[in-house]
Amino acid sequence: MPAKTSARPPTRPAVVAVARRRALHGWGYAAPTALLVVGLFVLPVLLVGQMSLSDWPLLSGNQGLNAPQNYVDALTHRFFWDSVVFTLKYTVIATVLLIGLGLGLALLVQESSRWSAVLRTSILVPSALGLASASLLFYALYSPQVGPLSPLLQRLGLADGPVSFLGSPDSALWSTVFLVVWRFAGFYMLLLMVGLQGIPHEVIEAARMDGANRWQSFAHVTLPLLRPSLALCTVLCVTGSLLAFDQFYILTKGGPDNSTLTVVQLIYNVAFQGQNDLGIAAALSIVVLVVLVVVNVAQMRAMRAGQED
Amino acid sequence: MTTTALPAAPARPQARRRPRAPRSRLAGVALRTPYWVLTGGLALVFVFPLIWAGVASVAPQPGSSQVDGWGLGNYATLMEYQAGLPQYLLNSTLVSGMTVLFTLVASVLGGYAFSRFKFPGRNVLFLLTLAILMVPYATLLIPLYVMLNAIGLQNTLVGLALVLTVFQLPFATFMMRISFDAVPRELDEAALVDGCSSFRALRTVLLPAVKPGVITVGLFAFLAAWNDFVAPLILISDSTKVPLPLAVANLRAQVMGIVDYGATEAGVVVMALPCVVLFLLLQRHYVRGFMSGALKG
């Protein structure tokens with residue numbers, strides 16, 4: 001740029017002064033982010049640590065340190081281990097289904113035809129909905145009174161009477177899984193499509209030239225190259241499922257008989273429903289936080305180890 | 001859709017490759033039929049619940065205010081439910097509007113700072129911002145509930161919007177930083193040498209260049225705030241101040257034993273409509289948001 005060359009050469013002190021002014025400006029622009037991050041993220045994380053070590057009833061606030069009582073109470077809570085087992089079960093089911101289906105759909109709609117675009121859009125529209133709205137929608141859809149599914153099953157001869165989708169532990173779990181798959185399949189399809197498009201076409205063509213059939217080139221070429229995308233999807237899906245709340249809160253409230261109580265729902269119940277103990281809830285939150293960090297680090301390790309092969 | 005998103009993306013250095021035309025050379029009608037049936041069935045499964053919600057909200061149903069004949073009875077129920085639909089819509093609009101505003105101000109200024117300025121603590125702040133992703137919602141909301149109480153922002157829409165903004169920051173800051181990074185430095189350096197202040201360079205030169213990023217960030221912030229359920233559930237105790245998703249969920253729980261499914265469906269339609277319309281209008285920005293999410297991995 002001509003303007004730039006005419007301004008040169010600056011003296012050294014001038015350069016230092018400019019750099020200092022630039023740094024000051026930089027801080028100025030970063031200030032809103034810094035305020036939000038420190039005030040509403042760093043401080044709360046420190047506070048939740050302190051709360052987990054204190055006697056902290058919902059309504060009367062901090063009653064002083066009582067470590068490690070909250071952690072003892074949290075780990076011996078009568079629903080704690082049940083909720084852990086249920087959350088893990090749900091996470092495995094949701095992750096396997098969502099990633100399997102996401103990959104299948106991504107392969108199906110990969111072609112850039114008009115019909116593929118229509119299908120892609122239909123699969124993606126549910127992911128624009130909020131999880132709470134989607135859950136309320138399915139709450140009515142599953143209802144034996146107004147929902148269309150119960151009469152449909154009866155007409156098909158698959159059920160004798162009105163079907164209560166949310167009435168038994170197993171059907172409540174699978175009904176919730178179906179809602180989650182409906183809501184999130186498009187999201188994972190999209191992430192995996194991006195991964196598929198990142199695979200150079202020449203590689204697959206080369207495999208074909210070498211005599212690989214469709215399945216062989218998929219299993220031995222596409223799938224290994226898709227590994228980073230699959231790993232990302234797994235991390236997102238596992239993290240999200242371990243923290244499941246909205247869908248269960250709205251569809252089952254943890255019922256029937258606390259059979260669909262997730263860990264986050266337990267935290268919410270301990271803090272704001274009945275027990276009203278923020279200290280124990282904070283201890284549970286710290287446990288969840290530690291588990292999540294460990295899971296994320298382990299998954300990223302595994303991902304990296306896989307890439308080095 | 002994805003292919004239309006690609007040329008407009010400034011932030012994607014990745015190699016782009018259009019999917020080729022159908023590979024099968026034998027693609028006769030007979031062979032395509034199973035494909036049509038499968039894909040048609042799939043499209044139906046995904047769209048059916050949405051269509052059903054729309055139809056059910058105006059259809060006659062036992063136990064709703066639309067017992068016989070078609071009409072807007074369920075919407076009328078919703079209009080008069082507790083504080084009334086207009087109040088809940090206003091709450092949702094205010095919270096979403098403030099969240100979008102706060103998110104855009106913080107992420108545009110922050111993205112500019114991270115992309116163009118060197119200052120001590122820059123990398124620490126950026127990593128801290130991304131670290132918000134690692135901390136579960138539930139872990140933060142409990143201390144935030146206590147903190148907002150302490151500073152008098154409990155039970156306020158401003159407090160709620162600030163909290164929602166924090167959860168938007170990792171994506172928004174990341175997105176704006178890569179948007180600014182994609183704009184050639186010569187552009188704003190020339191303006192600075194010509195005597196522009198750094199703020200004026202941002203406003204007049206850079207902002208138009210990163211507009212697609214701004215739209216993506218704004219869209220995601222709006223959808224997240226409009227749809228959020230947990231934060232208001234914990235932070236808002238006054239039933240006249242709750243946003244729409246919480247109000248509709250409460251409506252379902254309120255009437256002991258009997259659920260007004262009609263009004264619930266009407267509520268779902270009111271909540272979903274703006275999201276679906278925005279999605280269809282801004283599809284490529286929506287897709288790009290997902291893709292930059294993929295890039296960070």
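Predicted model: local features only at pLDDT ≥ 70, side-chain atom pairs only at ≥ 80, totals over all residues.

Buried or exposed? I checked the relative accessible area of Arg116(B), and at 6% it is buried. Asp188(B) comes out at 3%, so I have it down as buried too.

The other entry is Arg177(B) with Asp181(B), with 4.0 Å between the closest N and O atoms. These two are 4 residues apart in helix 7 (residues 157-181) of chain B, so about one helical turn separates them. I noted Arg177(B) as buried at 17% relative accessible area, whereas Asp181(B), at 44%, is partly exposed.

Next, a contact between chains. How do helix 2 of chain A and helix 6 of chain B cross? The axes of helix 2 (residues 12-52) of chain A and helix 6 (residues 137-150) of chain B come within 8 Å, at roughly 95°. I count 65 to 115 degrees as roughly perpendicular, and the two helices therefore get that label. On the chain A side I listed contact residues including Leu40(A), Phe41(A), Pro44(A), Val48(A) and Met51(A); on the chain B side, among them, Leu140(B), Ile142(B), Pro143(B) and Met147(B).

The unreviewed entry annotates "transmembrane region" at residues 29-49, 90-109, 121-142, 172-194, 230-251 and 278-298 of chain A. I checked residues 29-49 of chain A against the model: 100% helix, 0% strand, with the end C-alpha atoms 31 Å apart. For residues 90-109 of chain A I get 95% helix and 0% strand, and 28 Å between the end C-alpha atoms.

Chain B has an unreviewed entry as well, and it gives "transmembrane region" at residues 35-55, 88-112, 124-145, 157-176, 213-236 and 261-282 of chain B. In the model, residues 213-236 of chain B are 88% helix and 0% strand, the end C-alpha atoms being 31 Å apart. Residues 261-282 of chain B are 95% helix and 0% strand, again with 31 Å from end to end by C-alpha atoms.

Where is helix 13 of chain A in terms of burial? In helix 13 (residues 263-272) of chain A, 10 of the 10 residues are buried, so I wrote it down as largely enclosed by the rest of the structure. Gly274(A) follows that helix, with a positive phi near 80°.

Most residues other than glycine have a negative phi, and most peptide bonds are trans. Lys253(A) is not a glycine, yet I find a positive phi of about 50°; Lys253(A) is in the loop between helix 12 (246-251) and helix 13 of chain A, and is partly exposed at 43%. Asn276(A) also has a positive phi of about 50°, in the loop between helix 13 and helix 14 (278-308) of chain A, and is partly exposed at 26%. I also logged a cis peptide bond joining Ala67(A) and Pro68(A), omega about -10°. Pro68(A) is in the loop between helix 2 and helix 3 (69-75) of chain A.

Notes
Residues numbered from 1 in each chain as written. Chains lettered and ligands numbered in written order. Heavy atoms only, no water. Axes fitted to C-alpha atoms, helices over the stretch in contact; angles between N-to-C directions. Parallel < 35°, antiparallel > 145°, perpendicular 65-115°, else oblique. Contact = heavy atoms within 4.5 Å. UniProt positions renumbered as here; feature names shortened; annotations may be inferred. Buried < 20%, exposed > 50% of the residue type's maximum accessible area, 1.4 Å probe, protein only. Salt bridge = Lys/Arg side-chain N within 4 Å of Asp/Glu carboxyl O.
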